[in-house]
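Hi,

Here is the structure I promised to pass on. Have a look at it first, and my notes follow below.

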Amino acid sequence: MENPRVVVQTERCVGCGLCVQDCPANALRITDNTAAYIKNCFACGHCVAICPTNAISMPMHDMADVTDYNPASFPLQPENLLNTIKFRRSVRAYTDQKIPQSVLVQMMEAGRHTATARNTQATRFLVLQQELPAFKQAFWKAMPQIISFYEEKSFALAATFDSFYKKFLADGTDSFFFDAPAAIFVFSDNLWDAGLACGNIELMAVANGLGILHDGYLKYALMAAPQLFEPFGLEKEPIACCMLSGYAQRQYARTAPRKKPNYIIR
């Protein structure tokens, strides 16, 4: 097969068949006690992940990015994870401390490794920290255009954005960015893909002691001003989610109460 997506190193393959059993595209079969790639697939990587002898590779990807499972460092404690989810808050007050570059990379790696529908891996991310002040300046300059856009589409949004704009002009109150040191913009045609990525980005942010705000108003405002993303070559990409991140000014002492459970398990 020309330019195969999956390559089997026959000298390593033991013919166990795990890759065949786990392949959702039925792109592998056992021939002469060896796995063989018989048709193109959507490159999900299950075969690479499940092979006990590391006999499978995917030339289209960087195999150095693959990490062997380590029972000492991979599993999460269920109680700790649930407490983390319960403890998270939507943060709207941040210190001016910058987020280290290494932490931003970890957050983006969490988003990049998130599952996508049919393994498209088409979600794109933009993180602004150093360039955020200039972006915010351009954003507020575009606010009359944004308000005008929504006057014809959503009176409620137009009225809300107009009130935000008047506050900003009056005393500098920023009800879109909340003086967060960093903003994350997620682009995708698939809202499921974007939402899953944002969830993982937030978990990584929280693991690094950061706060997060999923900013719906900012997303809708930017939908009306795609030219703001021209400097990054993203003006034609559909914006799906906006997140703010930074170190919270205030520290919480406990989780917050929630409504009674509303789920059925049978």
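Which residues have the most contacts inside the largest nonpolar core? They are Phe139, Phe161, Phe176, Phe185 and Leu222, in a core of 37 residues. By nonpolar core I mean a set of buried Ala, Val, Leu, Ile, Met, Phe, Trp, Tyr and Cys residues joined through side-chain atoms within 4.5 Å. Buried stands for under 20% relative accessible area, exposed for over 50%, and partly exposed for in between (1.4 Å probe, protein chains only).

Before you go further, this is a predicted model: local features need pLDDT of at least 70 and side-chain atom pairs count only at pLDDT 80 or more, while totals for chains, interfaces and linings use all residues. Residues are numbered from 1 along each chain as its sequence is written, and side-chain values use heavy atoms, with hydrogens and water left out.

At least two of its residues come from each of strand S5 (124–128), helices H5 (132–141), H6 (143–151) and H7 (155–171), strand S6 (182–187), helix H9 (216–223) and strand S8 (239–246). H7 gives the most, with five residues. (Helices, H or I with at least four residues, and strands, E with at least two, are DSSP runs numbered from the N terminus.) If you zoom in on Phe161, leaving aside residues up to four places away in sequence, you'll find it touching Met143, Ile146, Ile147, Tyr150, Phe176, Tyr217, Tyr220 and Ala221; contact means heavy atoms within 4.5 Å.

Next, a helix pair. H4 (residues 101–112) and H8 (residues 191–207) pack with their axes 8 Å apart, at an angle of about 150 degrees. Axes here are lines fitted to C-alpha atoms, for helices over the stretch in contact, and angles run from 0 to 180 degrees between N-to-C directions. That makes H4 and H8 roughly antiparallel, a label for angles over 145 degrees. H4 brings Gln106, Met107, Met108, Ala110 and Gly111 to the contact, and H8 brings Ala197, Asn200, Ile201, Met204 and Ala205.

What about disulfides, meaning pairs of cysteine sulfur atoms within 2.5 Å? The whole structure has zero. For Cys13, the nearest cysteine sulfur is that of Cys19, 6.2 Å away. Cys13 is buried, at 18% relative accessible area.

Lastly, two loop residues. Asn33, between strands S2 (28–31) and S3 (34–37), has a positive phi of about 65 degrees without being a glycine, and is exposed at 62%. Arg118, in the loop between H4 and S5, also has a positive phi, near 55 degrees, and is exposed at 63%.

Cheers

Conventions. Disulfide = S-S within 2.5 Å. Parallel < 35°, antiparallel > 145°, perpendicular 65-115°, else oblique.
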